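Me: I have a model open and want to know what stands behind the words used to describe it. Please set each value against its definition.

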Amino acid sequence: MADNGGKINTDSVAVLRGKLPSDAVIYELAELFKMFGDPTRAKILQCLQIRDLYVSEIADVLEMSISAVSHQLRVLRAAKLVRGTKEGKEVKYSLDDDHVTKILEYGLTHVNEE
C-alpha cells in the first residue's frame, strides 16, 4: 500500500467502491474459478475445447472411469461450463459457450508465460 501520510481520500474510496461488483457477483466469480481449480475438471474442459465428446470418450482419453467423468461433468454442467446434447441413447458434451474457451486460452497463456 502506498504511503500517503495517513490521509484517506474518502471521495476516491467511494468511487472505487461504487465500481466494484456486488458481493453476490464476486461470490459467483469465485465459485466459477473454483471449477478450474480441479485438475480433472481442467483436463475435461481441455478435451472439450478440442472437440465435442461422449462421456466414454473422455473416460478413455483421461484413463478414468465413466462414473468419475460423469460426476465431474455434472459439476461442470451445474456451473454452466459444459452442456450436453442427447444423441440417441448417449449424451455428447461440449463447452457451454465461447467464454469458456477464452477463459481456458487466457489461463494457458498466463501459466505458459516465462
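Reply: The chain has 6 helices and 3 strands, in the order α-α-α-β-α-α-β-β-α from the N terminus. Helices (H or I, at least four residues) and strands (E, at least two) are DSSP runs, numbered from the N terminus. This is a predicted model, in which local features need pLDDT of at least 70 and side-chain atom pairs count only at pLDDT 80 or more, while totals for chains, interfaces and linings use all residues. Residues are numbered from 1 along each chain as its sequence is written, and side-chain values use heavy atoms, with hydrogens and water left out.

Me: How much of the chain counts as buried?

Reply: Buried means under 20% relative accessible area, exposed over 50%, and partly exposed in between (1.4 Å probe, protein chains only). Of the 114 residues, 22% count as buried.

Me: What makes one side of helix α4 the buried one?

Reply: In α4 (residues 55-62) the buried residues are Val55, Ile58, Ala59 and Leu62. They cover an arc of only 100° around the axis, which puts them on the same side of α4. The arc is that of the directions from the helix axis to the C-beta atoms. On the other side of α4, Asp60 and Val61 are exposed. In general, an α-helix has 3.6 residues a turn, so residues three or four places apart point the same way.

Me: What covers the buried residues of α4?

Reply: The cover includes α3 (39-50), β1 (53-54), α5 (66-78) and β3 (90-95).

Me: Why is Glu63 called exposed?

Reply: Glu63 has a relative accessible area of 74%, so it is exposed. Glu63 lies in the loop between α4 and α5, and has a positive phi of about 55° although it is not a glycine.

Me: What makes Lys80 exposed?

Reply: Its relative accessible area is 62%, so Lys80 is exposed. Lys80 sits in the loop between α5 and β2 (82-87). Its phi is near 60°, a positive value in a residue other than glycine.

Me: What lines the largest pocket?

Reply: A pocket is an open set of points on a 1 Å grid over the protein atoms alone, with protein on both sides within 12 Å along at least five of seven lines; lining residues have an atom within 4 Å of a point. The largest pocket is lined by 13 residues, of which Glu28, Leu29, Leu32, Ala79 and Lys80 lie nearest its centre. α2 gives the most to this lining, with 5 residues. The volume of the largest pocket is about 290 Å³, a volume being the space filled by probe spheres set on the points, which are joined across faces, edges and corners.

Me: How many residues of each class line the second largest pocket?

Reply: Its lining has 7 nonpolar, 2 polar and no charged residues. Ala, Val, Leu, Ile, Met, Phe, Trp, Tyr, Cys and Pro count as nonpolar, Asp, Glu, Lys and Arg as charged, and the others, Gly among them, as polar. The lining of the second largest pocket includes Phe33, Gln46 and Gly107, and α6 gives the most to it, with 5 residues.

Methods. Contact = heavy atoms within 4.5 Å. 1 Å grid on protein atoms, 1.4 Å probe; cavity = no way out; pocket = protein on both sides within 12 Å on 5 of 7 lines; lining within 4 Å.
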